[in-house]
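Student: Please take a close look at one part of this model for me. I would like to understand its salt bridges.

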Amino acid sequence: MRDTETEAVAAGPGAEPGAAAGPGTEPDAAADPGADPGAAADPGKEPGAAAGPGAAGPAAAGPATVASAAAGSATSTADGGVAYPAGAAYSSAAGAASTGAGGAASGPERSPSSGPGPVGGLSGSGPVGGEEEPLDLAGVGIGPFNLSLAALGQGVPGLRAAFYEQRPDFRWHPGLMIEGATLQVPFLADLVTLADPANPWSFLRFLRERDRLFPFYFAERFHMERTEYDAYCRWVSEGLAGLHFGHQVDEVRWNGERRLFEVDFTQLDARGEAEALGRSYARNLVLGIGTAPHVPEPLRPLAESPSVPVIHSAEYLAHRERLLEARHVTVVGSGQSGAEVFLDLLRRRPHGSEGLHWLTRSGAFAPMEYSKLGLEHFTPDYTRYFHGLPERVRDRLLPRQWQLHKAVDHETLAAVHEELYRRTLDGGWPDAVLMPGVRVRTAGRLGTSRLELRLEHADQEEHDRLVTDAVVLATGYRERPADGMLAALEPYLHRDSSQRLCVDAEFKLVLDSTVTGSVFVQNAERHTHGVGAPDLGLAAHRSAVILNALRGEEVYPLPRRTAFTSFGLREARSGAGAAGRSATVGV
C-alpha cells in the first residue's frame, strides 16, 4: 500500500499503544479490503505524544524541565515554562479549579509561564506583562506529519511553536524495516519539498549533509528505502529545536478567560516513568497522534498473551527469529505489510519445508492501483473535491477505494511469485499456501504450544480448521482515539451523524464559536478528506495549508491545480479544474 504515516504519535495513558506508521502511507498498510472499513492503512504514520483518557490531571508548565529539582519546588525550564517534580504540589490560588468564560474547569492555577520555546530558528518574544508570550502552536505527537509542520514552520517569521512526543526519540515503524523494503512514494514526498523545494530540511539536503548526494544520483533511485526515510526524519528531528521528546500529553483544555489552550503533560525519564509534570499555553493546537495497530477481535486474547506467538506486523522484526524457529507460520492480511512479511519469511525458510500460510478476506492478492491518473486521488484537487461531498457519499466512496492504498505493489507481488517459482525448479512445490476469500472466525490454543484457527471461506460457504505455531497479523491500523485527551473540549466539539469529529477544509476541528483558537488534525480526517489523509505525499501540502490558515495569509503559495482529472461537474465547467481557486489557504 502507499506509504502513510501510521505510526505517528505514541499515545498517553488510556490510548492504544504501539501504533505504527507506514511507508508513503504506512508500512503495515491497511487491513484487507474485507476488513473493518475503519482500519487505516500502513505505517508511515507518526510516533507522537498523544494523551489518553484517564491521564493525570492538571500538570505544570513546559518541557525540558530540570529533573533534579527538589521535591515540591518549582523549576524554571529552558523554554520559559515552569515544571514541578512528579508528586509535588502545584502552585494554585487556594487550590481551587478555575473556570474559564466557556464554563470548562481549567484545573489548579499554574505559574504564569507559558511553556516551551519556539521551533528551531523561529523568533520568540520575551515576557509580556510579566508573563512569557504563549505559543502560537502546540503540537501533540512527533511523527512524519508533525515533523513536516515543524520543519516548514521554521520558515514562518515570529512563529512560536513546540511539539511534544511521548517516545524518547524519533523512530518510524521500527518493526517493518525489512531489508530492501522501499517507500511506495517518490523521494520528493519528503517532509517539505512539495511545499517548499528550497527548504533546508529536504531529503536532498540530507543527502548533501551526509556526502551521499552523488551516490544517490548514480543509484537512480526514485523510491528510497524505509531505513533511509527513517534516518532522514531522525536527522530533521535532531536538528530542529522546539521538539520535546519524552513528554506525554495528558489533557488539553480551553481557558476562556485567557483565550488560550492549556496543555498538560508529563515529562518522562529514560525508563519512561513520570519525572515531572508540566503545562504550556497555546493559541492553537495540532494533533498528530497517528494510528494504532488493529488486532481482530477473535485473535485479541491470544495477541495479549506473551506466551503465544501472535504478533502484529508492526512488531515483526523484533520477533523474526522466533518466527523462523516455528514449524508453521500463518500470515493474515493481504496489504503491503502482509506481502512483505510473507516474502521475507519465505526467503528465509528452507526449500520444501517452508511451512507457511498466507490468508486474506479479500477475494484476491490484488495489486495496488498505481496508474498515473489513479494516483491523482492523492492530490489536493481530489482532497478538495472529496471534502465537498455529502457525508453519506464520502462514507460510500471510501470502502470502494481500498485498492488505491490497501493492496500490494506490483514489484512485491512479482517477487513473491518469483520466489515460489524458483522453489519448483527441483520438481517439487513449496510448502506454502496462499488463500484469498478466507476469514478467521475464532482462534484458540491447542495444547501448550500450538494454535488453532477456525476459518470460513466466503464463496464456498465452508468451514475448516488450521493448526499453526505462530500468527503474524498484517491487519492494518485504526486512527488512535483522542477522546481522553480532548475530554475537556467535548462541549465545544462538533460531530457528524456517525459521531466522528467534523473537520473543515483547512484541517481544523469544527468548534463552538466561543473557542477562538483552532485545533488542527493530521491523519485523523480520512472520513472528511479521503484516502490521501494518511499519505506521506500530501504531508508537506497539508502542513502548508495549516501554516497559511494559522497566519491568515499566504506564507506558502499553494498550487492552483494539481490533477489533470476533473473529479466533478463544477470542476469540468470551470475548464481548469481548481485553477481558478485561491491558493492562499484551504486544500
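**Salt bridges up close**

Tutor: This is a predicted model. Counting a Lys or Arg side-chain nitrogen within 4 Å of an Asp or Glu carboxyl oxygen, the total comes to 39 salt bridges.

Start with R348 and E179. Their side chains form a salt bridge, with N to O at 3.4 Å. R348 sits in helix α7, residues 336-348, while E179 is in the loop between β4 (161-165) and α2 (203-209), so this pair ties together parts that are 169 residues apart in sequence. R348 is partly exposed, at a relative accessible area of 39%.

Next, take R212 and E228. Here the N to O distance is 2.5 Å, again a salt bridge between side chains. This pair also links distant parts of the chain, 16 residues apart. R212 belongs to the loop between α2 and α3 (213-219), and E228 to helix α4, residues 226-239. E228 has a relative accessible area of 9%, so it counts as buried, the cut-off being under 20%. R212 is partly exposed, at 33%.

Now look at E297 and R300. A salt bridge joins their side chains, at 2.9 Å from N to O. E297 has a relative accessibility of 52%, so it counts as exposed, which requires over 50%. R300 is partly exposed, with a relative accessible area of 29%.

A network of salt bridges links E251, R253, E262, D264 and R279.

Note on methods: Residues are numbered from 1 along each chain as its sequence is written. This is a predicted model: local features need pLDDT of at least 70, side-chain atom pairs count only at pLDDT 80 or more; totals for chains, interfaces and linings use all residues. Side-chain values use heavy atoms; hydrogens and water are left out. Helices (H or I, at least four residues) and strands (E, at least two) are DSSP runs, numbered from the N terminus. Buried means under 20% relative accessible area, exposed over 50%, partly exposed in between (1.4 Å probe, protein chains only).
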